[in-house]
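Hi,

Here is the structure I promised to pass along. Have a look at it first, and then read on for what turned up.

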Amino acid sequence: VVLHLKMDPRNYFDQGCPTPGLAEDLVANFFPKKLLELDHFLKDPLINVLDLKEIHSEINLSVPDPILLTNSHDGLEGNAKKRKQEDIEENCQGTKVFVMPGGMMKSNNKLVELIEKVKPEIRTLIEKCNTVKMWVQLLIPRIEDGNNFGVSIQEETVAELRTVEGEAASYLDQISRYYITRAKLVSKIAKYPHVEDYRRTVTEIDEKEYISLKIIVSELRNQYVTLHDMILKNIEKIKRPRSSNAETLY
């Protein structure tokens, strides 16, 4: 059975999907609204902590007492040396961790709170970019010789929307990598509680993520600005990439 597609691809928006008018409204009204909201968010005290020590989270893992190795004087020097070497090797391999002494090791609550506010903004940008990208994509006319300047503008707009969409998705990957990296470091602290560098690295990771989150919010705002400006400046060519010159002949 051969199925013939008789529907104009631009009518895709009528099949329960956003209308072209909604896509234009996103660019003209929603994008500037969101950039103002994000600009206001960037002034929030939650994301403007000057002393990064305020965002540090206590690592509730105590340092166990060191293992004291005493010299043996009972005449069993060979066995004593063997036991001493085994104790040293076992201690160097780290502490076996079956459960956390203080229960569940909590995440950095201050960063979790900030992340939970930033993630919906990332998701919104991805979804709105996808809607506008599909709208511009379906406005691209069939391939013809000549008069393709408007088409090239459409293609550049689609490419920019695709780039912004990809960058926003990478921000979500960055957040998940932060959690994984921090979890591995906390596990190292539990196994090697006497190594101070692991504890310091956790605070460094937290500070780095806090700064990255502020940069992400700033980038989201800038991307709304860029898309709003780029699309509105070229809206006529995007909607009508090939203009007829018949009226200029008379």
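Start with helices H4 and H5: the axis of H4 (residues 149-191) and the axis of H5 (residues 196-233) come within 11 Å and cross at roughly 170°. Anything over 145 degrees counts as roughly antiparallel, so that is how H4 and H5 run relative to each other. In the contact of H4 with H5, the residues split into 16 nonpolar, seven polar and nine charged.

Please keep in mind that this is a predicted model.

The protein has 250 residues, and 32% of them are buried. Take the contacts between residues at least 6 apart in sequence: 87% of those join residues at least 24 apart. The accessible surface comes to about 16600 Å², with 54% of that belonging to carbon and sulfur atoms.

Now for the charged pairs. The structure holds 14 salt bridges, and here are three of them, if you'd like to find them on screen.

- Lysine 34 and glutamate 37: their closest N and O atoms are 3.0 Å apart. Both residues sit in helix H1 (residues 20-41), three residues apart, about one turn of the helix. Lysine 34 has 8% relative accessibility and counts as buried, whereas glutamate 37, at 35%, counts as partly exposed.

- Glutamate 165 and lysine 133: this salt bridge is 3.0 Å from N to O. It links distant parts of the chain, with glutamate 165 in helix H4 and lysine 133 in helix H3 (residues 109-139), 32 residues apart. Both glutamate 165 and lysine 133 are buried.

- Glutamate 144 and arginine 242: here the N to O distance is 3.9 Å. This pair also links distant parts of the chain: glutamate 144 is in the loop between H3 and H4, and arginine 242 is in the segment after helix H6 (235-239), 98 residues away. Glutamate 144 is partly exposed, with a relative accessible area of 34%, and arginine 242 counts as partly exposed too, at 21% relative accessibility.

Cheers

Technical notes: Residues numbered from 1 in each chain as written. Predicted model: local features only at pLDDT ≥ 70, side-chain atom pairs only at ≥ 80, totals over all residues. Heavy atoms only, no water. Axes fitted to C-alpha atoms, helices over the stretch in contact; angles between N-to-C directions. Helix = DSSP H or I, 4+ residues; strand = E, 2+ residues; numbered from the N terminus. Parallel < 35°, antiparallel > 145°, perpendicular 65-115°, else oblique. Nonpolar A, V, L, I, M, F, W, Y, C, P; charged D, E, K, R; others polar. Buried < 20%, exposed > 50% of the residue type's maximum accessible area, 1.4 Å probe, protein only. Contact = heavy atoms within 4.5 Å. Areas by Shrake-Rupley, 256 points an atom, 1.4 Å probe, with all protein chains shown as cover. Salt bridge = Lys/Arg side-chain N within 4 Å of Asp/Glu carboxyl O.
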